[in-house]
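Hello,

Here is the structure I promised to pass on to you. Please open it alongside this email, and then read on for what turned up in it.

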Amino acid sequence: MNHLTCRSIFKGSAEGEALVTEIPIGFLGGVDPDTGIIVDPAHPLCGQCITNKVLVFPYGKGSTVGSYTIYRLKKNGLAPAAMVNAESEAIVAVGALIAEIPMVDQVDTSKLRTGMQVHIAGEELWFE
């Protein structure tokens, strides 16, 4: 199993299958909070469900309402198990905090691939 040290944005532990993109994600209008599906037609993950995945993306983008979209995903039982960023920004970080979704950043996301099993515990990330 491979290991990376990272910075914890919202501490916790989670594990699951990675869903990885090199393109930033905008949650408001980009992810349907009632289905957990990425609906942004310009995003390469369009049509993919983020529910219970370890969602790996470089950083978030878009409106501050994106934080509330992440919270709605959690309340609807459709949130990712965890989020991993190369560099977090306020919208996604606040969303993770209010939804209590484990989140880390300062990760070399190029080492992660869709389908890998990822485990996060605090400031540690393991993958295979």
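Below are some notes on its helices, loops and side chains.

First, how to read the values: this is a predicted model, in which local features need pLDDT of at least 70, side-chain atom pairs count only at pLDDT 80 or more, and totals for chains, interfaces and linings use all residues. Residues are numbered from 1 along each chain as its sequence is written, and side-chain values use heavy atoms, with hydrogens and water left out.

Let me start with helix 2, which covers residues 90-99. Helices here are DSSP runs of H or I with at least four residues, strands are runs of E with at least two, and both are numbered from the N terminus. In helix 2, the residues I91, V92, A93, G95, A96 and A99 are buried. Buried means under 20% relative accessible area, exposed means over 50%, and partly exposed lies in between (1.4 Å probe, protein chains only). Those buried residues pack against strand 2, strand 4, helix 1, strand 5 (82-85) and strand 6 (103-105). After helix 2 comes E100, whose phi is positive, near 55 degrees.

The side chain of S67 reaches the backbone oxygen of I91 at 2.7 Å. This is a polar contact, meaning a pair of N or O atoms within 3.5 Å; within protein, one must be able to donate a hydrogen and the other to accept it, and residues adjacent in sequence count only if both atoms are side-chain atoms. S67 is buried at 7% relative accessible area. Leaving aside neighbours within four places in sequence, S67 is in contact (heavy atoms within 4.5 Å) with A90, I91, V94, G95 and I98.

S8 is another buried serine, with a relative accessible area of 15%, and is found in strand 2 (residues 7-10). A polar atom of the S8 side chain lies 3.2 Å from the backbone nitrogen of K11. With neighbours within four places again set aside, S8 is in contact with M103, V104, G122 and E123.

Now for the aromatic rings, of which there are two pairs in the count. Rings of Phe, Tyr and Trp (its six-membered ring) pair if their centres lie within 6.5 Å; planes under 30 degrees apart count as stacked, over 60 as edge-to-face and the rest as tilted. F27 and F57 form an edge-to-face pair, 6.0 Å centre to centre with 65 degrees between the planes. This pair links distant parts of the chain, 30 residues apart: F27 is in the loop between strand 3 (13-20) and strand 4 (54-57), and F57 is in strand 4. Both F27 and F57 are buried.

The loop between strand 3 and strand 4 also holds P33 and N52. P33 is buried, with a relative accessible area of 11%, whereas N52 counts as exposed at 54%. Apart from neighbours within four places, P33 is in contact with T69, R72, L73, N76 and L78. N52 has a positive phi near 60 degrees, in a residue other than glycine.

Another such residue is Q106, with phi near 60 degrees, in the loop between strand 6 and strand 7 (117-121).

Enjoy exploring!
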